[in-house]
Amino acid sequence: MRGVRRRENCPEDRSMDVSIEVGGDAGQGVESAGTGLSLALARGGLHVFGMADYRSRIRGGRNFYQVRASDRPVRCHSDPVHLVAAFTQDAAHAHVENIAPGGGVVYDEQLPVDETALIRKGIRPMPMPLNRVAEEAGSKATLNVAAVGAALGVVGYPLHHFERVIFEKFGRRGEHVVDINLKAARASHDHASSKYGPDFPFRLHEITGAASRMLINGNQALALGAVAGGCRFISAYPMTPATTILEWTAARAGELGIVTVHAEDEIAAVCMAAGASFAGARAMTATSGGGFCLMTEAIGMAAMTEVPIVVVDVQRGGPSTGLPTRTEQADLLLAIHPSHGDFPHIVLAPGTVEECFEAGWRSFNLAEEYQCPVVVLSDAYLGGSLRTVGPAAFDWDSVVRDRGSFLPPEILDSREDYQRFAWEDSGVSPRAAIGHPRTVHAPSTDEHDEAGHITEDVGVRRRMMEKRMRKMDTALRDMRGPTLYGPADAELTLVCWGSVAGPACEAAVTLSARGTPTNVLHFSDVWPLSPDLPDEVTGSDARFVAVEQNYSGQFAGVFEGTTGLELDGAVLKYDGRQVSPRDIVEELEREVMQVV
């Protein structure tokens with residue numbers, strides 16, 4: 001494993017940082033309102049992070065979308081929120097405990113909202129004629145648009161960026177549909193601006209001359225990276241929250257030259273990917289925890305036959321059906337042991353959209369370099385949350401397509417005896433696509449000799465097992481070391497992996513400001529993990545605390561067992577909701593700091 005990849009600073013202080021929550025029942029357009037609000041704020045030059053929270057049902061049940069906007073880059077959501085735009089009575093009361101003092105709740109004036117309870121908590125009730133505005137505009141369905149218009153009016157943000165979003169979203173449905181949505185947004189924005197805007201303490205304004213940014217989530221970034229890395233085949237069975245990876249590639253399949261297959265189930269999906277890879281194509285599949293469970297036998301098959309495949313697991317709460325639309329980091333041990341027996345494989349866990357893009361192309365290089373399965377672990381939070389990034393966020397110049405020991409036809413023409421599983425000190429045998437007359441071999445899933453013939457010979461078994469497992473030692477040279485964020489001389493180090501990077505970094509800033517210098521050690525390459533930590537880490541006197549989204553502290557166990565470094569505590573969250581910077585700080589100050 002390489003040393004610390006780079007030392008980065010945690011987020012800077014912000015002069016403008018406001019979170020707005022849109023809430024209502026499933027079927028009321030909560031997510032479309034939230035994404036539209038995110039886009040409108042981003043178009044005004046603000047840095048945005050948009051997070052959806054929705055139930056696993058088509059209609060009914062409270063959903064919400066939280067949008068954070070700032071004048072500085074943001075990598076995560078932030079609690080508390082400052083304004084809630086509620087479509088229902090339930091949404092108006094649901095998150096009262098998470099509204100900042102001085103914040104407000106916008107809701108329809110006909111809803112039986114307990115204004116006294118809001119005022120008692122220092123929250124300002126903001127009743128508005130939202131339903132009447134929607135009806136007068138021409139359709140009750142514009143309630144969500146009216147609510148967003150009102151929210152923008154309260155925080156003092158101009159409407160023209162949201163108007164542009166409306167044109168883009170509804171333009172194909174005709175001028176009439178555009179007009180009624182514009183009318184609803186303008187009426188509610190004007191009303192809220194004049195009635196509540198002047199004395200609302202949390203304000204947002206556009207930043208003129210700001211650089212253009214894209215609004216992208218982790219699943220989209222990973223799919224884009226896979227395309228950059230030469231992916232030519234993806235098969236998947238739709239499973240929340242991984243479905244958008246297949247949807248993104250399917251929508252562009254013809255343009256990008258990618259074969260996309262909606263398989264009948266996850267077993268078929270991973271077997272199709274293995275077959276495509278065996279034929280020479282760079283192939284992947286994407287699923288979530290339950291689907292990954294079904295894929296385990298085929299992952300073992302790919303490992304035994306040394307066929308490179310990429311499997312993306314966008315994690316959600318488990319076990320079984322668990323929490324279908326929520327987030328968790330509880331598949332790590334499954335990813336490290338994804339099938340029975342011992343076999344080489346690699347596990348990546350990107351923590352930002354930039355790292356998702358990188359994992360998209362790099363996973364194929366690793367899979368083909370070491371001729372083994374590569375598992376990419378994301379989760380619902382990272383995969384589905386929108387974030388603004390600049391044009392330079394994705395390093396296209398660093399993208400390479402390394403096919404490893406892949407023999408081209410001109411070399412095969414001169415070979416007398418091709419042995420697919422030939423012994424090599426690195427553990428990696430020369431590989432060739434099928435179709436050449438000199439590459440005929442048996443890709444047996446039973447134990448086999450160097451030519452691929454089935455055997456139960458003791459000596460051959462030992463030799464072939466050792467050949468395959470030697471790849472893990474070789475692969476360590478390509479595993480990235482952790483990223484260190486924050487001061488090198490910290491008293492407290494937060495050890496995390498995957499999507500916890502953003503919240504942990506902001507928590508470190510808060511803790512440092514409160515008198516405990518804190519940094520973050522973030523791992524995005526989680527298997528194989530080197531037993532040797534970089535000198536920058538081991539030379540520190542800091543106390544180490546794990547932060548992760550599962551009950552049992554899965555990475556903490558892997559970290560301690562591999563490095564021998566004993567952690568001083570853990571912050572664990574497993575309720576299906578993403579840990580926030582505030583969660584980390586409060587847990588540390590309440591429990592862990594008493595120990596360390």
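## Strand β12

Strand β12 (residues 309–315) is largely enclosed by the rest of the structure, because seven of its seven residues are buried (under 20% relative accessible area, 1.4 Å probe, protein chains only). Strands here are DSSP runs of E with at least two residues, and helices are runs of H or I with at least four, numbered from the N terminus.

The model is predicted: local features need pLDDT of at least 70, side-chain atom pairs count only at pLDDT 80 or more, and totals for chains, interfaces and linings use all residues. Residues are numbered from 1 along each chain as its sequence is written, and side-chain values use heavy atoms, without hydrogens or water.

In a regular strand, side chains alternate between the two faces of the sheet. Both faces of β12 are covered. Ile309, Val311, Asp313 and Gln315 are buried on one side. Val310, Val312 and Val314 are buried on the other.

## Strand partners

β12 runs parallel to strand β11 (residues 283–287), joined by four bridges. Pairing requires at least two DSSP bridges. Threonine 285 has valine 311 of β12 as its bridge partner. Seven bridges join β12 to strand β14 (residues 373–379), also in parallel. There, aspartate 313 is partnered with leucine 377 of β14.

## Helices α11 and α12

Helix α11 (residues 266–278) packs against helix α12 (residues 289–305) at about 35 degrees, with axes 8 Å apart. Axes are lines fitted to C-alpha atoms over the stretch in contact, and angles run from 0 to 180 degrees between N-to-C directions. Contact (heavy atoms within 4.5 Å) involves residues including Val270 and Cys271 of α11 and Leu294 and Met295 of α12.

Conventions
Buried means under 20% relative accessible area, exposed over 50%, partly exposed in between (1.4 Å probe, protein chains only).
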